[in-house]
Structures are given as C-alpha cells and as structure tokens.
Amino acid sequence: MQEPIQEYQGKIEFLDIESGVWVLTVPSGTHYALFRAPKDLLQEGLEVTIQGQVKEDMLTVAQVGPVLEVKSFKRQP
C-alpha cells in the first residue's frame, strides 16, 4: 500500500553522517531523509513546507529517519 501525500513543515539541514544526508527536521525533532529533492531545496537552515510521501519501503545508509519523497515545496516567510 502506498503512503498518501502529506504536508510537512520544518527546517532543511545537512547531517554529516556517512557521506552526508539532507534532511527535513520537523518541530518534534524527527528527521526525514530527503529523496528526489530539487537542488534549490537543499539549503542549510531553509524553513519550508514540503508536500511529500513517506517511503516505508526505503532505507538509507545514514538511517536518520523515514525517507520522504519530495513532490513539491514552498519556502516559509
């Protein structure tokens, strides 16, 4: 079963784990490893809302949290 597309708000961060991984950190502290993220999203400290889908069937080398496939995003003011 495919997970639904949902909205996630938080801050973009680069974690220096393994070869490095870009994540969305939400207010609860959960990290979502970003998958198929456009290059203009990958900016340290950027506050965003992401429309995306958690990929329960995917793992990353860094294993920092669930994998979030980015469908679209918008910057927060």
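Contact means heavy atoms within 4.5 Å. The model is predicted: local features need pLDDT of at least 70 and side-chain atom pairs count only at pLDDT 80 or more, while totals for chains, interfaces and linings use all residues. Residues are numbered from 1 along each chain as its sequence is written, and side-chain values use heavy atoms, with hydrogens and water left out.

**Exercise 1. The fold**

Task: State how many helices and strands the protein has, and give their order along the sequence.

Solution. Step 1: helices (H or I, at least four residues) and strands (E, at least two) are DSSP runs, numbered from the N terminus. Step 2: the protein has zero helices and five strands. Step 3: the order along the sequence is β-β-β-β-β. Step 4: the radius of gyration, taken over C-alpha atoms, is to be compared with the globule rule, 2.2 Å times the number of residues to the power 0.38. The radius of gyration is 11 Å, close to the 11 Å that the rule gives for 77 residues, so the protein is as compact as a globular protein of that length.

**Exercise 2. Extent, surface and charge**

Task: Describe the protein by its span, its burial, its contacts, its surface and its charges.

Solution. Step 1: the C-alpha trace spans about 35 × 30 × 25 Å along its principal axes. Step 2: buried means under 20% relative accessible area, exposed over 50%, and partly exposed in between (1.4 Å probe, protein chains only). Of the 77 residues, 35% are buried. Step 3: among contacts between residues at least 6 apart in sequence, 55% join residues at least 24 apart. Step 4: areas come from the Shrake-Rupley method with a 1.4 Å probe, and for residues only the protein chains shown count as cover. The accessible surface is about 4900 Å², and 48% of this surface belongs to carbon and sulfur atoms. Step 5: Lys and Arg count as positive and Asp and Glu as negative, while His and the chain ends are not counted. Each charge is placed at NZ of Lys, CZ of Arg, CG of Asp or CD of Glu. The mean positions of the 7 positive and 11 negative charges are 8 Å apart.

**Exercise 3. A network of salt bridges**

Task: Find the partners of glutamate 69 in salt bridges.

Solution. Step 1: a salt bridge is a side-chain nitrogen of Lys or Arg within 4 Å of a carboxyl oxygen of Asp or Glu. The count by this rule is four. Step 2: arginine 36 pairs with glutamate 69, with the closest N and O atoms 2.8 Å apart. This pair links distant parts of the chain, 33 residues apart: arginine 36 is in the loop between strand 3 (31-35) and strand 4 (47-54), and glutamate 69 is in strand 5 (residues 67-75). Arginine 36 is exposed at 58% relative accessibility, whereas glutamate 69 is buried at 6%. Phi of arginine 36 is near 60°, a positive value in a residue other than glycine.

Step 1: lysine 55 also forms a salt bridge with glutamate 69, at 3.3 Å between the closest N and O atoms. Lysine 55 is in the loop between strand 4 and strand 5, 14 residues from glutamate 69 in the chain. Lysine 55 is buried, at 17% relative accessible area. Step 4: lysine 71 forms a salt bridge with glutamate 69, the closest N and O atoms being 3.6 Å apart. Lysine 71 is partly exposed at 43%. Step 5: salt bridges with shared partners join Arg36, Lys55, Glu69 and Lys71 into one network.
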